[in-house]
Amino acid sequence: MSNQTDFLNRRLHSLLGVIPVGFFLLEHLYTNYHATQGKEAFVEAVNFLWGIPLLPVLEIFFIFIPLMYHAFYGLYIVFRARNNVSQFGTFRNYMFVLQRITGVITLVFIIWHVWQTRVQLLFDPTPTANELAMDTASILSNDITAILYAIGVISTVFHFCNGMWSFLVSWGVTVGPRAQLVSTWVWIVAFVIISYFGLSALAAFNDPNFASNVATLQ
Ligand code: HEM
C-alpha cells in the first residue's frame with residue numbers, strides 16, 4: 001500500500017471509530033440502560049428506535065459498513081504494528097497494546113452478540129420489542145454468559161475511551177503534555193461512568209425478576 005493510501009486509510013479508520021461507531025456505542029448503551037427501569041421502559045426505548053424511518057438502511061450504512069471497515073482495517077493494524085511494550089514499559093505503551101487487545105476482544109464479542117440478538121431477529125418475520133426484551137433476558141439469565149458479556153462490555157468501553165484519547169492527539173486537539181494529561185483523566189472518568197451504564201443494564205437483564213416479568217407479560 002502506498003504511503004498516501006495508508007495515511008488516508010488510517011485517518012478514515014480513526015474517524016469512523018468515533019463517528020459513527022463511537023456514537024452508536026453510546027446510543028446503544030443508553031437504550032439498554034432503560035432496562036434498569038424495568039422491562040416496559042426498555043420496550044418503549046426499543047419501539048422508539050424501531051420507529052425511525054428507513055432504519056435498516058441507516059443500520060447498514062451508518063453502523064454495519066463503518067464498523068466492518070474499522071474492525072477489519074483494525075485487524076490489519078493489530079497484526080502489522082510493532083508492540084514494543086517490553087522495550088518501553090511506559091503507561092502509554094501499555095495503553096497502546098491494550099488498545100489492540102481490546103480491539104480483538106471487542107470484535108469477537110460483537111460477532112457473538114450480533115449473532116445472538118440482531119441476526120436471530122431476522123429469522124422472526126414479526127419481531128416485537130417485547131420478544132427482544134424476553135430473549136435478551138433469557139440469554140443473560142445464564143451467569144456465565146452474563147460474565148462474558150460484562151468482559152465484552154468493559155473491553156469495548158475501554159477501547160472506545162482509550163481510543164478517544166489517541167483520537168484527540170492524532171487529530172491535533174490535545175497537543176501539549178498538559179492537555180494530554182487532562183485528557184487521560186477525562187477518559188478514565190468516562191470509562192468508569194460508561195462502564196457503569198453498560199454493566200447496570202446487564203445486571204438488570206440478569207435479574208430473575210426482570211425475566212419473570214417478561215415471561216408473564218408476553
Ligand atoms: C464498538 C466498537 C468500536 C469502537 C467504538 C471503536 C473505537 C475506536 C476509536 C475511537 C479509536 C481511536 C482512533 C484513533 O486513534 O484516532 C479506535 C482505534 C482502534 N481500533 Fe477501534 N473501535 C471499535 C471496534 C474495533 C474493533 C472490532 C477492532 C478490531 C480489531 C478495532 C481496532 C482498533 C485499532 C487497532 C485501533 C488503534 C488504531 C491506531 O492506533 O492507529 N476497533 N477504535
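Q: Is Ser 170 buried, exposed or partly exposed in this predicted model?
A: Ser 170 is partly exposed, because its relative accessible area is 36%, and that value falls between the 20% and 50% cut-offs.

Q: Where does Ser 170 lie, by the way?
A: Ser 170 lies in helix α7.

Q: And what does Ser 170 touch, if I skip residues up to four places away in sequence?
A: With those left out, Ser 170 touches Arg 11 and Ser 14.

Q: How many residues apart along the chain are Ser 170 and Ser 14?
A: They are 156 residues apart along the chain, and their C-alpha atoms are separated by 8.6 Å.

Q: Okay, new topic: the ligand. How many residues surround the ligand?
A: There are 26 residues around the ligand.
A: The shell around the ligand has eleven nonpolar, 13 polar and two charged residues.

Q: Which polar side-chain atoms lie by the ligand's oxygen atoms, and at what distance?
A: An N or O atom in the side chain of Arg 10 is 2.9 Å from an oxygen atom of the ligand. For Arg 100, a polar side-chain atom lies 3.2 Å from an oxygen atom of the ligand.

Q: Which elements give two or more residues to the shell?
A: Those are α1 (3–18), α2 (21–33), α4 (55–80), α5 (91–122) and α7 (143–170).

Q: Which of them gives the most?
A: Helix α7 does, with seven residues in the shell around the ligand.

Q: Now the iron atom of the ligand. What are its protein donors?
A: The protein donors are His 70 and His 159, each through its NE2 atom, lying 2.0 Å from the iron atom.

Q: Where in the chain do these two come from?
A: They come from distant parts of the chain: His 70 is in helix α4 and His 159 is in helix α7, 89 residues apart.

Q: Why is the arrangement around the iron atom octahedral?
A: The six donor atoms around the iron atom subtend angles of 86 to 178°, which makes the arrangement octahedral.

Q: Are the two histidines buried or exposed?
A: His 70 is buried, with a relative accessible area of 16%. His 159 counts as buried too, at 17% relative accessibility. Buried means under 20% here.

Q: Back to His 70: what is 2.8 Å from its polar side-chain atom?
A: A nitrogen atom of the ligand lies at that distance from a polar side-chain atom of His 70.

Definitions and conventions. Residues are numbered from 1 along each chain as its sequence is written. This is a predicted model: local features need pLDDT of at least 70, side-chain atom pairs count only at pLDDT 80 or more; totals for chains, interfaces and linings use all residues. Side-chain values use heavy atoms; hydrogens and water are left out. A residue is near a molecule or strand if one of its heavy atoms lies within 4 Å of it. A polar contact is a pair of N or O atoms within 3.5 Å; within protein, one must be able to donate a hydrogen and the other to accept it, and residues adjacent in sequence count only if both atoms are side-chain atoms. Helices (H or I, at least four residues) and strands (E, at least two) are DSSP runs, numbered from the N terminus. Ala, Val, Leu, Ile, Met, Phe, Trp, Tyr, Cys and Pro count as nonpolar, Asp, Glu, Lys and Arg as charged, and the others, Gly among them, as polar. Donors are N, O and S atoms within 2.8 Å of the metal (3.2 Å for Na, K and Ca); water is not among the atoms, so sites may look incomplete. Four donors count as tetrahedral if all angles lie between 85 and 135 degrees; four count as square planar and six as octahedral if opposite donors are over 155 degrees apart and all others between 65 and 115; anything else is irregular. Buried means under 20% relative accessible area, exposed over 50%, partly exposed in between (1.4 Å probe, protein chains only). Contact means heavy atoms within 4.5 Å.
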